[in-house]
Amino acid sequence: MAHPIPPAETVRQAAATLAALADAAAEDAGQPTARWSVRYQPGVLPGAPPQRDRPCYLVATDRNPGPAAPHLIRSGSRGGPNSRATRPTLAPQHAQYIAAMDPTTGLALARLLATLSATDPTSPAMTDALALAHQILNA
């Protein structure tokens, strides 16, 4: 008979899983990518109000904070010498959410879950931590 995993252990497993995912996402080809931000199409100046009607890119701003910051979402096609491959884009609200949940946020959330795993199993904080843990573990 299988024994259920105690809530605290489930939360600890989720914290470890999230930390591993955030660590992996914090690097791209050996370069740091822990801080992400949204860059809009050319023609939209930095500091301009958010553009809700234009596609944008998700970039790693800790590698190169300028306009040449590497794009984190890439196209699978390279095209020939005369083709014009387009870069994939995101809707602004999706890119902004993804940027807010960058690896730095993931590591902080993993630390919070690890801390909450030691709280009273009947507390509202543990209930929320366990619900989040199940989402992370896809359980």
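User: A helix axis is a line fitted to C-alpha atoms over the stretch in contact, and angles run from 0 to 180 degrees between N-to-C directions. In this predicted model, at what angle do the axes of H3 and H4 cross?

Analyst: The model is predicted. Helix H4 covers residues 124-137, and its axis comes within 10 Å of that of H3. The two axes cross at roughly 130°.

User: Which word describes how H3 lies to H4?

Analyst: Angles over 145 degrees count as roughly antiparallel, and 65 to 115 as roughly perpendicular. The crossing is at roughly 130°. That makes H3 to H4 oblique.

User: How many nonpolar residues does the contact of H3 with H4 have?

Analyst: H3 brings Leu109, Leu113 and Leu116. H4 brings Ala125, Met126, Ala129, Leu132 and Ile136. The contact has no polar and no charged residues; its nonpolar count is 8.

User: Is H1 roughly parallel or roughly antiparallel to H3?

Analyst: Take helix H1 at residues 7-25 and helix H3 at residues 103-116. Their axes come within 8 Å and cross at roughly 165°. Angles over 145 degrees count as roughly antiparallel. So H1 to H3 is roughly antiparallel.

User: How many charged residues does the contact of H1 with H3 have?

Analyst: On H1, the contact includes Val11, Leu18 and Asp23. On H3, Gly106, Leu107 and Leu113 are among the residues. By class, there are 13 nonpolar residues and 1 polar, and the charged count is 1.

User: What is the handedness of the crossing where H1 passes H4?

Analyst: H1 and H4 pack with their axes 8 Å apart, at an angle of about 50°. That makes H1 oblique to H4. The crossing of H1 past H4 is left-handed.

User: How many polar residues are in the contact of H1 with H4?

Analyst: H1 contributes residues including Thr10, Gln13 and Thr17. H4 contributes residues including Met126, His134 and Leu137. There are 11 nonpolar residues and no charged ones, and the polar count is 4.

User: Is alanine 95 buried or exposed?

Analyst: Alanine 95 lies in helix H2, residues 92-100. Buried means under 20% relative accessible area. Alanine 95 has 0%, so it counts as buried.

User: How far apart in space are alanine 95 and valine 38, C-alpha to C-alpha?

Analyst: Alanine 95 touches Val38, along with Cys56, Leu58 and Leu90. In sequence, alanine 95 and valine 38 are 57 residues apart. In space, C-alpha to C-alpha, the distance is 6.1 Å.

User: Is threonine 61 buried or exposed?

Analyst: Threonine 61 sits in the loop between strand E4 (56-60) and H2. It touches Arg35, Trp36, Ser37 and Arg39. The limit for buried is under 20%. At 17% relative accessibility, threonine 61 counts as buried.

User: What pattern does the protein chain follow along the sequence?

Analyst: The protein chain has 4 helices and 4 strands. Read along the sequence, their pattern is α-β-β-β-β-α-α-α.

User: What share of the residues in the protein chain is buried?

Analyst: The protein chain exposes about 9000 Å², and carbon and sulfur atoms supply 59% of that area. The chain has 139 residues, and the buried share is 29%.

Technical notes: Residues numbered from 1 in each chain as written. Predicted model: local features only at pLDDT ≥ 70, side-chain atom pairs only at ≥ 80, totals over all residues. Heavy atoms only, no water. Helix = DSSP H or I, 4+ residues; strand = E, 2+ residues; numbered from the N terminus. Parallel < 35°, antiparallel > 145°, perpendicular 65-115°, else oblique. Contact = heavy atoms within 4.5 Å. Nonpolar A, V, L, I, M, F, W, Y, C, P; charged D, E, K, R; others polar. Buried < 20%, exposed > 50% of the residue type's maximum accessible area, 1.4 Å probe, protein only. Areas by Shrake-Rupley, 256 points an atom, 1.4 Å probe, with all protein chains shown as cover. Left-handed = near helix turned anticlockwise from the far one by under 90°. Lists of a residue's contacts leave out its neighbours within four places in sequence.
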